[in-house]
Amino acid sequence: MTIKFEKENRRLKTMIRLSGRLQAKHLEELKRQLEGTRSRIALDLNGVTLVDVESVRFLNACEKGGVELLNSWPYIQEWMIREQGRKG
C-alpha cells in the first residue's frame, strides 16, 4: 500500500489527512502539499499505518515549524520523542 493525501482547506486551517505507509519516497510530495499554504496547517495521521525513520524526522521538523500533528499512533509519537533525544 502507498500513501494517500487528502487536503481540506478551511477558513483558518488547512487539514491534510494521510493514510497508508508514509516513507521517505513520499516526503517530496508531502512537502509540495504543505508549500504555499497561508493558513495554519494540521496533519491528521490517524490513517498512517507505517512510517520509516526519515518520515519520523520529517514529522519532528514539521511539528517544530508549527505544523499541528493530530491523531498520531502512540508508536509514532514514541519514535518521534526518541529521535528528538538523539539530536541532543
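**Reading the contacts, helices and sheet**

Me: What is Val 67 in contact with, leaving aside its neighbours within four places in sequence?
Reply: Val 67 touches Ile 41, Leu 43 and Cys 62. The model is a predicted one.

Me: Where is Val 67, and why is it called buried?
Reply: Val 67 lies in the loop between H2 and S4. Its relative accessible area is 12%. Buried means under 20%. Val 67 is therefore buried.

Me: How far apart are the C-alpha atoms of Val 67 and Ala 42?
Reply: They are separated by 5.6 Å, although the two residues are 25 residues apart along the chain.

Me: What makes Asn 71 partly exposed?
Reply: Its relative accessible area is 47%. Asn 71 sits in the loop between S4 (68-70) and helix H3 (74-86). Its phi is near 55°, a positive value in a residue other than glycine.

Me: Why are H1 and H2 called roughly parallel?
Reply: The axes of H1 (residues 27-34) and H2 (residues 53-64) cross at roughly 20° and come within 11 Å. Angles under 35 degrees count as roughly parallel. Hence H1 is roughly parallel to H2. The crossing is right-handed.

Me: Which residues make that contact of H1 with H2?
Reply: H1 supplies Leu 27, Leu 30, Lys 31 and Leu 34. H2 supplies Glu 54, Ser 55, Phe 58 and Cys 62. By class, the residues are five nonpolar, one polar and two charged.

Me: What makes H2 and H3 roughly perpendicular?
Reply: They pack at an angle of about 80°, with axes 9 Å apart. The class covers 65 to 115 degrees. H2 and H3 are therefore roughly perpendicular to each other.

Me: Which residues form the contact of H2 with H3?
Reply: From H2 come Val 53, Val 56, Arg 57, Leu 59, Asn 60 and Glu 63. From H3 come Ile 76, Trp 79, Met 80, Glu 83 and Gln 84. Six are nonpolar, two polar and three charged.

Me: How do you know that S1 and S2 pair?
Reply: Pairing needs at least two bridges. S1 (residues 3-9) and S2 have seven, in the antiparallel sense. So they pair.

Me: How many bridges join S2 to S3, and what is their sense?
Reply: Nine bridges join S2 to S3 (residues 40-51), and the strands run parallel. Arg 17 has Asp 44 of S3 as its bridge partner. Ile 16 has Leu 43.

Me: Why is S2 called largely enclosed?
Reply: S2 covers residues 13-22, and seven of its ten residues are buried. So the rest of the structure largely encloses S2.

Me: What makes S1 and S4 edge strands?
Reply: The sheet is open, with four strands in the order S1-S2-S3-S4 and mixed pairing. S1 and S4 each pair on one side only. Neighbouring strands are turned by 20° against each other on average, direction ignored.

How values were computed
Residues numbered from 1 in each chain as written. Predicted model: local features only at pLDDT ≥ 70, side-chain atom pairs only at ≥ 80, totals over all residues. Heavy atoms only, no water. Axes fitted to C-alpha atoms, helices over the stretch in contact; angles between N-to-C directions. Helix = DSSP H or I, 4+ residues; strand = E, 2+ residues; numbered from the N terminus. Parallel < 35°, antiparallel > 145°, perpendicular 65-115°, else oblique. Left-handed = near helix turned anticlockwise from the far one by under 90°. Contact = heavy atoms within 4.5 Å. Nonpolar A, V, L, I, M, F, W, Y, C, P; charged D, E, K, R; others polar. Buried < 20%, exposed > 50% of the residue type's maximum accessible area, 1.4 Å probe, protein only.
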